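Look at the sequence and the model together. Keep both in view as you read.

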Amino acid sequence: RWCACEVTLHRQQFFLLNVYAPTVNNPAFFHTLSQILHKHSHIPMIVGGDFNIPLDPYLDRSSKCRPSKSKSRTILTTMLKDLGLADIWRTHNPTLRDYTFFSAPHSSYSRIDYFLVSNPLVKDVSTTYIRPILVSDHAAIGFHLHPSSTSTPKQVWRLNTSLLSNPDFIQLVKDQTMLFFQENSPSSTNTLLLWETYKAVIRGHIISFASHK
């Protein structure tokens with residue numbers, strides 16, 4: 001589950017989302033989360049909470065056992081790349097081991113709670129921290145942000161890669177691609193112009209499809 005809102009701080013707009021992910025491998029949850037975030041990718045984002053997945057299966061776990069493969073982790077890391085999000089604690093601590101959760105049954109620690117921030121905000125974060133695990137089995141986490149006027153990301157369209165698993169979307173792209181080149185290729189002598197026109201047309205179809213999902 002998640003809770004989200006748009007806020008304005010110091011005349012700058014932000015999209016905030018708090019997440020509590022399933023405790024079991026659940027790719028569908030992260031597909032849905034990715035779709036929600038893509039709709040707000042035009043403004044700086046801060047996403048935080050309990051993701052129940054160590055992003056780095058080696059650095060973010062105390063256990064020496066070989067980590068199992070996780071499709072949820074694959075989707076999550078792809079989402080970070082697609083949306084331009086940074087795990088801000090790991091950005092500030094690239095090799096450090098610290099943990100946010102203690103599993104009593106497994107007697108092991110892991111870092112499964114984190115904040116993800118839009119890349120333009122990274123330079124405005126001065127400190128990050130993980131508090132000791134005291135009252136509950138999770139540690140408090142946080143960071144200090146001093147937003148600047150240059151933190152707003154440029155209006156850059158990005159493909160929501162979760163659509164690539166949708167058969168209707170794949171068929172739409174195939175049909176519209178075939179139709180475009182059937183109607184335009186014979187009369188076009190400038191291949192670069194043809195390619196740029198195709199990208200603009202297919203992007204319009206993709207945006208229209210995504211807006212109705």
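The largest cavity has a volume of about 50 Å³. A cavity is a set of points on a 1 Å grid, laid over the protein atoms alone, where a 1.4 Å probe fits but cannot get out. Grid points are joined across faces, edges and corners, and a volume is the space filled by probe spheres set on the points. The count comes to 1 cavity of 30 Å³ or more. This is a predicted model: local features need pLDDT of at least 70, side-chain atom pairs count only at pLDDT 80 or more, and totals for chains, interfaces and linings use all residues. Residues are numbered from 1 along each chain as its sequence is written, and side-chain values use heavy atoms, with hydrogens and water left out.

Which residues line the largest cavity? They are Ile88, Trp89, Thr100, Arg111, Asp113, Tyr114, Phe115, Tyr129, Ile130, Ile141 and Gly142. Lining residues have an atom within 4 Å of a point. The elements that give two or more residues to this lining are α3 (88–92), β7 (113–118), β8 (125–130) and β9 (141–145). Such helices (H or I, at least four residues) and strands (E, at least two) are DSSP runs, numbered from the N terminus. The largest share of the cavity lining, 3 residues, comes from β7. By class, the cavity lining has 7 nonpolar, 2 polar and 2 charged residues. Here Ala, Val, Leu, Ile, Met, Phe, Trp, Tyr, Cys and Pro count as nonpolar, Asp, Glu, Lys and Arg as charged, and the others, Gly among them, as polar.

Now turn to the largest pocket. Its volume is about 650 Å³. A pocket is an open set of points with protein on both sides within 12 Å along at least five of seven lines. The largest pocket is lined by 27 residues, and Asn52, Pro54, Arg61, Ser110 and Ile112 lie nearest its centre. Two or more lining residues come from each of α2, β5 (101–103) and β6 (108–110). β6 gives the largest share, 3 residues. The pocket lining divides into 10 nonpolar, 13 polar and 4 charged residues.

Asn52 sits in the loop between β3 and α2. Its phi is positive, about 55°, although Asn52 is not a glycine. Most residues other than glycine have a negative phi. Ser107 also has a positive phi, near 50°. It lies in the loop between β5 and β6. Ser107 counts as exposed because its relative accessibility is 56%. Buried means under 20% relative accessible area, exposed over 50%, and partly exposed in between (1.4 Å probe, protein chains only).

Next, follow helix α1. It has 12 residues, 27–38, so at 1.5 Å a residue it should span 16 Å. The expected span is 1.5 Å times one less than the number of residues. The end C-alpha atoms are 17 Å apart, which agrees. In α1, Phe29, Phe30, Leu33, Ser34, Leu37 and His38 are buried. They are on the same side of α1, because they cover an arc of only 165° around the axis. That arc is of the directions from the helix axis to the C-beta atoms. An α-helix has 3.6 residues a turn, so residues three or four places apart point the same way. The buried residues of α1 pack against β1 (2–9), β2 (12–20), β3 (45–50), α2 (71–83) and β4 (85–87).

Finally, find Asp137 in the loop between β8 and β9. Leaving aside neighbours within four places in sequence, Asp137 is in contact (heavy atoms within 4.5 Å) with Thr100, Phe101 and Phe102.
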